[in-house]
Amino acid sequence: MNRDSQSARGSIRKGRAIMLAGLVGLAGIYLMAWQFTPTERFQGLAQKIFYIHPPAAYASEMAYVLAGIASVLYLLLKDERFDTFAAASAEVGLAFGAVLLTTGPIWAKPIWGAWWTWDARLTFSLILFLLFAGYFALRSAVREPAERARYAAVVAVMGMLLVPFIHLTVYLFNTTHPQPVVVQTGKPALPPEMLRTFLASFAVFTTLYVGMVMMRYGIGARQIAEEVADAE
Amino acid sequence: MSEAVASLLLVRGVARTFGRLHALRGVDLAVAAGEVVLLLGPNGAGKSTLLRVVAGLARPTKGSVRVAGRDVHAEPSSRSALGLLSHQSFLYDDLTARENLRFAAALHGLNGVDSLVEDAIEAMGLARFADRPVAGFSRGTQQRLAIARATLHQPSLLLLDEPFTGLDAHSAGELRSRIAAERAAGRAVVCVTHEPGEAWLPATRVVALAGGRVVLDQPRPDSLEEFRVAYGRAVAA
Amino acid sequence: MSVWRAARAIAAKDLRIEWRHKTALLTATLFAVLVLLVFVFSRDPASVPLASIAPSVLWVTLALSALVALNRAFLLEREHAALDGILLAPVPRQALFWGKLLSNLAFVLTVQAVAFPLWVLFFNITPTGALLAIVVVVLLASVGFTAVGTLFSAMAVRTRFAELLLPVLMLPFMIPPVFAASEATMRLLAGRPIGELWGWLRLLALYDVVFVVLANLLFPAVVDE
């Protein structure tokens with residue numbers, strides 16, 4: 001087992017530990033949301049999705065932006081590790097996005113009466129998911145590793161610069177065609193218990209992101225180390 | 001460094017990887033005007049890759065390529081000093097011979113396009129085909145047009161990538177004469193081939209690659225047969 | 001300047017080749033007409049007046065027919081490794097991007113030049129000055145997504161799934177320009193004054209500038225091995 005393979009395994013181990021810590025934290029958030037925060041007067045239980053969805057959405061978007069930044073660095077420095085990181089971050093972001101888009105409607109139906117709404121957050125999550133999907137569709141269509149890294153990087157950078165336009169589009173769409181109000185995603189003055197849970201949730205999702213990316217990066221790096229060993 | 005001044009082509013420490021495959025592992029090569037270099041090697045030795053890197057079609061992972069003193073990747077205008085003839089013709093089937101040449105002339109920013117193109121058509125015996133679409137051309141005729149295209153801008157360095165592939169004896173002979181003519185005109189030629197006999201006569205030097213490295217670099221010996229023995233040994237090592 | 005001359009030569013060469021057979025042009029135009037017809041026939045005429053879906057139909061048609069057209073430009077360079085022939089030229093890679101962008105634009109705008117009057121006809125649009133403004137909106141929006149499509153098709157064409165991959169990559173990028181253009185078209189058809197449209201037009205222009213510049217900047221990374 002060469003040195004690269006060893007450090008890759010280390011990354012996987014550490015990442016797994018951090019991810020497990022994050023999952024414990026997530027269970028904690030659920031508990032806090034259920035037991036220790038007051039139920040919002042007008043929206044009832046439905047409002048509690050507030051503790052899970054915005055933080056998950058932020059993690060998904062951050063995953064994409066970080067993949068974009070790593071892609072810029074790859075294009076400038078041609079270091080393969082940036083590509084491995086970008087792919088890892090994108091995959092984690094895709095996973096968060098998939099969870100968002102499936103739990104959202106499943107939670108929404110019994111409470112809001114509709115499977116889907118075109119509110120800003122859900123719409124944005126959908127389009128971001130499509131961007132991730134396109135990134136991976138391209139990666140799977142290119143066989144040669146250096147070419148794949150280059151092309152994926154180009155797509156990620158383009159996508160990163162598209163994100164502000166998507167935000168703008170989604171915002172304008174909602175202001176020119178107002179949707180029926182479902183969940184207040186805004187920031188009313190939050191009582192301390194709600195705020196605490198909300199912030200804790202952001203911390204938990206960041207931890208999850210870091211842990212999962214480290215794991216995925218480690219897996220990617222190990223794969224490369226093995227291919228190099230095979231080729232020699 | 002006098003070598004740098006005299007060299008038309010200077011390849012220094014060029015390495016190139018494709019994924020996990022090391023196609024080139026540190027190649028050094030200097031070619032001066034008037035030389036005709038045969039670039040030999042078994043399949044997968046990296047000959048075509050080296051030519052692509054020299055032509056600016058692929059970036060080296062390490063090292064540099066300078067043509068007439070200028071870096072071929074950093075300075076696009078340096079590519080006006082080189083021409084490439086491949087087994088692919090770079091021609092458009094739907095355009096006529098004349099239109100293909102005019103396009104190449106515009107790409108290279110040449111002046112006096114009309115007379116240049118007409119001269120090239122005359123010189124390569126393409127007058128009959130000048131206004132016919134390339135789609136209908138025989139391999140030999142396509143090759144002649146491809147040569148015209150590659151030399152239209154009068155490059156000082158002509159790169160040939162397995163140019164004899166699929167050529168009949170007559171066309172092959174024409175190509176050999178062309179190579180000799182380039183040498184006589186004081187230009188340099190680097191010819192990649194897997195069969196040294198094809199371009200033995202006009203060659204002045206032989207370089208062999210194996211496993212991405214230069215394993216042989218000497219003036220062209222007189223005896224092809226003796227050379228084959230030495231070459232076999234060098235490549236097997 | 002050599003970049004401009006090379007770009008012009010590339011665009012002219014593409015258009016000359018296309019004009020010889022016109023196959024791609026006719027197919028793309030036919031596709032646009034078919035999309036229009038599908039919209040007309042797939043609605044319930046009693047409950048959905050033509051006027052209410054006119055702006056969306058225009059933009060779906062233009063977006064889809066552009067998608068169909070965009071792979072063509074780099075596909076042309078696959079025969080006889082012609083792309084290498086262009087990359088050998090002593091000009092920066094940007095010349096190839098500009099040339100292909102121009103040829104793609106010419107192609108896309110030609111298809112639109114047929115689809116647009118048909119849309120006016122099928123959807124009973126009254127020809128007023130607003131139509132001219134809509135044409136400007138069409139031009140503005142097309143530049144943006146054609147630039148993105150030029151960059152992406154250079155990559156897609158080298159994979160096994162070019163026809164599937166390009167739409168998958170392009171669609172998120174088409175959402176902002178199509179949305180803004182659609183909003184502008186809606187307002188123009190409703191007779192709103194041009195003054196109300198500046199926001200939408202500025203958005204379109206911003207998108208164009210950002211993505212034409214970015215696509216141009218990233219293009220060498222695609223064609224340089």
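Student: What share of the accessible surface of chain C belongs to carbon and sulfur atoms?
Tutor: This is a predicted model, so every value here is computed from predicted coordinates. The accessible surface of chain C comes to about 9,000 Å². The part that belongs to carbon and sulfur atoms is 73%.

Student: What radius of gyration does chain C have, and what does the globule rule give for 225 residues?
Tutor: The C-alpha atoms of chain C fill a box of roughly 60 × 35 × 30 Å along the principal axes. From the N terminus on, its elements run α-α-α-α-α-α-α-α-α. The radius of gyration is close to the value from the globule rule, so chain C is as compact as a globular protein of that length. The two values are 18 Å for chain C and 17 Å from the rule.

Student: Among contacts in chain C between residues at least 6 apart in sequence, what share joins residues at least 24 apart?
Tutor: Start with burial: buried residues make up 59% of the 225 residues in chain C. Then take the contacts between residues at least 6 apart in sequence. The share that joins residues at least 24 apart is 81%.

Student: At what angle do helix α1 and helix α6 of chain C pack?
Tutor: Two packed helices are described by the angle between their axes and the distance between the axes. Here α1(C) covers residues 2–21 and α6(C) covers residues 94–122. Their axes lie 7 Å apart. The angle is about 40 degrees.

Student: Is the crossing of α1(C) and α6(C) left-handed or right-handed?
Tutor: The test is which way the near helix is turned from the far one: anticlockwise by less than a right angle is left-handed, clockwise is right-handed. For α1(C) and α6(C), the crossing is right-handed.

Student: Where does Lys22(C) lie?
Tutor: Lys22(C) has a positive phi of about 60 degrees although it is not a glycine. Lys22(C) is partly exposed, at a relative accessible area of 28%. Its place is the loop between α1 and α2 (23–41) of chain C.

Student: What phi does Ala68(B) have?
Tutor: Ala68(B) sits in the loop between β4 (62–67) and β5 (70–71) of chain B. Its relative accessible area is 42%, so Ala68(B) is partly exposed. Ala68(B) is not a glycine, yet its phi is positive, at about 50 degrees.

Student: What radius of gyration does chain B have?
Tutor: Chain B contains seven helices and 10 strands. The globule rule gives 18 Å for 237 residues, so chain B is as compact as a globular protein of that length. Along the principal axes, its C-alpha trace spans about 50 × 40 × 35 Å. The radius of gyration of chain B is 18 Å.

Student: What share of the accessible surface of chain B belongs to carbon and sulfur atoms?
Tutor: Buried residues make up 54% of the 237 residues in chain B. The accessible surface of chain B comes to about 9,500 Å². The carbon and sulfur share is 51%.

Student: What percentage of the 232 residues of chain A count as buried?
Tutor: Chain A has six helices and zero strands. Its accessible surface comes to about 11,400 Å². Residues count as buried under 20% relative accessible area. In chain A, that is 46%.

Student: Is Thr123(A) buried or exposed?
Tutor: Thr123(A) is in helix α4 (residues 120–141) of chain A. Leaving out residues up to four places away in sequence, Thr123(A) touches Trp118(A) and Val170(A). Its relative accessibility is 8%, so Thr123(A) counts as buried.

Student: How far apart in space are Thr103(A) and His53(A), C-alpha to C-alpha?
Tutor: Thr103(A) lies in helix α3 (residues 80–112) of chain A, and at 32% relative accessibility it counts as partly exposed. Thr103(A) and His53(A) are 50 residues apart in sequence. In space, C-alpha to C-alpha, they are 9.0 Å apart.

Technical notes:
Residues numbered from 1 in each chain as written. Chains lettered and ligands numbered in written order. Predicted model: local features only at pLDDT ≥ 70, side-chain atom pairs only at ≥ 80, totals over all residues. Heavy atoms only, no water. Axes fitted to C-alpha atoms, helices over the stretch in contact; angles between N-to-C directions. Helix = DSSP H or I, 4+ residues; strand = E, 2+ residues; numbered from the N terminus. Rg over C-alpha atoms; globule rule 2.2 N^0.38 Å. Buried < 20%, exposed > 50% of the residue type's maximum accessible area, 1.4 Å probe, protein only. Contact = heavy atoms within 4.5 Å. Areas by Shrake-Rupley, 256 points an atom, 1.4 Å probe, with all protein chains shown as cover.
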